[in-house]
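User: I would like to learn how to read a few features of a protein structure. Please take me through them one at a time.

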Amino acid sequence: MAGLINEDDLATVRERSRIEDVVGSYVTLRPAGGGALVGLCPFHDEKTPSFRVTPSRGFYYCFGCNVGGDVIGFVQAINNSSFVEAVEFLADRVGVQLRYTDGGGGVRVEPGLRSRILEANRLAAEFFADQLSSPDAVAGRQFLAERGFDRDAAEHFGVGFAPMGGRELAKHLRAHKFSDDELVKASLIRDGGWDYFQARLLWPIRDAGRSVLGFGARRLFDDDRMPAKYINTRETPVYKKSHVLYGLDLARQNIARKNQAVIVEGYTDVMAAHLAGIDTAVASCGTAFGDDHARLLSRLIGSTDALKGEVIFTFDGDAAGQAAALKVFAGDQHFISQTYVAIEPTGLDPCDLRIQQGDAAVRELVGRREPLYRYVMANTIAGFDLDRVDGRLGALRAAAPLVGSVRDSSLVNGYIHELAKMLGAEIDEVRREVARAGRRKLPTGPDRAPMPSEPPPDEPPLLGLPMPNPRDRSLEVERGTLRLMVRAPEVFAAGWNGVGVDEFTHPAYRAIFAAIADAGTPGGDWPQPVLEAGADGTVAAVVAALATEPLLRPANPGYAAEYVAKLRLLSVARSIANLKSKLQRTNPIDDQVGYNRMFATLLELERQRRELNEAAAGPAS
């Protein structure tokens with residue numbers, strides 16, 4: 001296990017990484033009054049700016065898609081990176097050399113290497129794109145033309161050509177002051193100085209922020225010394241094939257806007273899909289679509305109205321396509337959106353389909369998608385002899401857990417009817433078996449891989465707590481109290497004026513106050529410790545929102561006292577209501593002592609309510 005980042009270094013990175021500068025490299029920001037900046041959200045498509053940055057607090061928040069956080073959280077979201085990767089990215093950006101505590105000798109990237117690799121990749125992508133017009137690249141241009149891609153398409157997708165000589169890229173990058181050691185670590189040259197890619201057509205693989213992470217390359221010549229048709233950049237500090245999707249830079253905003261992602265199998269398929277109007281298409285790079293890819297798309301599509309979102313896989317109709325669909329189903333629990341498959345019976349991939357039948361055929365392929373559950377259900381049943389009673393029973397028992405695993409409960413009844421029709425069985429019989437199966441794992445046969453139909457118990461949800469509605473009037477006092485604590489903690493006395501966690505009713509607000517209480521004495525970096533104390537995604541988003549929301553009037557101790565009085569007043573009112581209900585259910589004759597005790601408590605609560613009413617009203621004008 002690698003060590004932890006030194007706390008002083010982490011604080012230095014936060015201090016030097018001004019959020020308006022980092023966000024401003026991705027978003028055009030303009031002043032919005034009160035020291036805040038606004039712009040169009042980079043995480044969803046919008047025409048009216050709802051994305052707000054508060055430099056004085058170091059936070060961003062989007063009131064349209066409810067995402068927010070600090071500068072590190074922004075880098076995590078925009079680059080789809082981990083916390084450590086985001087810190088290292090910012091450290092390279094602001095020139096901080098990170099130190100790590102001893103955590104078992106894990107290998108760390110030397111400071112500045114990530115930014116050097118990204119810059120080398122950017123220059124390499126420009127170099128390869130220029131080489132596509134060279135005389136040596138005739139075969140590459142012919143390859144593209146035969147697949148319906150003209151010069152404009154090549155430029156749009158950044159397609160390039162690696163020269164045949166084998167040393168041209170190395171010479172070009174050395175002229176830009178890159179060392180051979182850096183270029184080897186970037187997987188741009190090999191030990192010995194030879195270019196990693198030679199005489200191949202290349203596609204740059206970019207992240208959501210359009211930084212070039214690596215390349216995918218296709219063989220053009222029969223005498224190519226590399227036998228594989230496609231090769232990709234080796235894993236580097238910035239390129240991890242299980243974390244990247246080709247075309248994401250072009251599709252990211254469309255995916256967020258349409259709540260849809262279309263997964264195809266190759267670089268030319270992505271190009272064909274986009275040119276045909278399917279601008280949400282992406283592809284995995286040199287590896288099968290996996291769990292990390294699924295989580296990446298889930299973050300892009302988001303958690304709001306998630307069941308309305310779609311992740312659509314394109315597969316061939318042959319045995320390999322069926323096997324791929326079954327494999328996707330095994331990881332379906334990582335999606336919060338509905339998953340579909342789009343099958344082309346002729347076996348054509350989107351690129352060949354566009355060549356033979358045109359753009360409309362590609363759009364039709366995606367348009368006739370069917371739910372993944374239905375497709376897998378049909379393939380599960382196909383393994384049984386439905387002409388035999390035991391075959392039908394076996395098919396029912398194999399398929400029933402699939403129906404029970406459907407996340408959208410409104411679809412379950414329809415799938416029960418479909419399954420009954422497929423089997424020629426009575427609907428009540430199918431319904432009973434589905435209820436009995438619950439969410440069991442699908443039985444496996446000799447040629448069938450295990451396909452779990454429920455998420456593992458330790459799989460955390462994308463956002464563990466429900467997101468509170470900021471316009472809920474019943475929670476207005478709770479939100480206002482927390483807003484004041486986040487924005488002006490200095491107006492509260494020690495111990496937050498005696499406020500307790502039980503005075504908050506919404507789970508997210510309770511968690512935020514618990515994080516505030518655990519964060520210790522507010523300091524200059526407040527409310528950063530609150531984010532660190534609360535690990536839940538909802539907590540981070542709401543704290544970011546609170547940090548950007550304006551106060552209703554200037555903060556002072558009296559204002560804080562009023563809010564605390566209102567918060568306690570609501571808590572006392574709830575206690576009074578509960579006690580009155582219990583008194584009504586208690587017989588004063590059978591339980592005279594208990595009844596009198598509760599009545600005395602009620603009188604005390606009513607006294608407290610009168611005092612709190614006066615305090616909540618504030619000083620008389």
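**Reading burial, packing and disulfides**

Analyst: Cysteine 351 is buried, at a relative accessible area of 3%, because anything under 20% counts as buried. Keep in mind that this is a predicted model.

User: Is cysteine 285 buried or exposed?

Analyst: Cysteine 285 is buried, with 0% relative accessibility.

User: How many disulfides are there?

Analyst: A disulfide is a covalent bond linking the sulfur atoms of two cysteines. In this model the count is 0 disulfides.

User: What is in contact with alanine 272, apart from its neighbours within four places in sequence?

Analyst: Alanine 272 lies in helix α11, residues 267-275, and is buried at 0% relative accessibility. Setting those neighbours aside, its contacts are Phe149, Pro350, Cys351 and Arg354. Distance along the chain is another matter: alanine 272 and aspartate 349 are separated by 77 residues in sequence, yet their C-alpha atoms are 9.6 Å apart.

User: How are two packed helices described?

Analyst: One gives the angle between their axes and the distance between those axes. Here, helix α16 (residues 372-381) packs against helix α17 (residues 389-404) at about 165°, with the axes 9 Å apart. An angle over 145 degrees counts as roughly antiparallel, so α16 is roughly antiparallel to α17. The crossing of α16 and α17 is right-handed.

User: Which residues make the contact between α16 and α17?

Analyst: From α16 come Tyr373, Val376, Met377, Thr380 and Ile381, and from α17 come Ala395, Ala398, Ala399, Leu402 and Val403. Sorted by type, the residues of this contact are 9 nonpolar, 1 polar and no charged.

Key. Residues are numbered from 1 along each chain as its sequence is written. This is a predicted model: local features need pLDDT of at least 70, side-chain atom pairs count only at pLDDT 80 or more; totals for chains, interfaces and linings use all residues. Side-chain values use heavy atoms; hydrogens and water are left out. A disulfide is a pair of cysteine sulfur atoms within 2.5 Å. Buried means under 20% relative accessible area, exposed over 50%, partly exposed in between (1.4 Å probe, protein chains only). Axes are lines fitted to C-alpha atoms, for helices over the stretch in contact, and angles run from 0 to 180 degrees between N-to-C directions. Helices (H or I, at least four residues) and strands (E, at least two) are DSSP runs, numbered from the N terminus. Angles under 35 degrees count as roughly parallel, over 145 as roughly antiparallel, 65 to 115 as roughly perpendicular and the rest as oblique. A crossing is left-handed if the near helix is turned anticlockwise from the far one by less than a right angle, and right-handed if clockwise. Contact means heavy atoms within 4.5 Å. Ala, Val, Leu, Ile, Met, Phe, Trp, Tyr, Cys and Pro count as nonpolar, Asp, Glu, Lys and Arg as charged, and the others, Gly among them, as polar.
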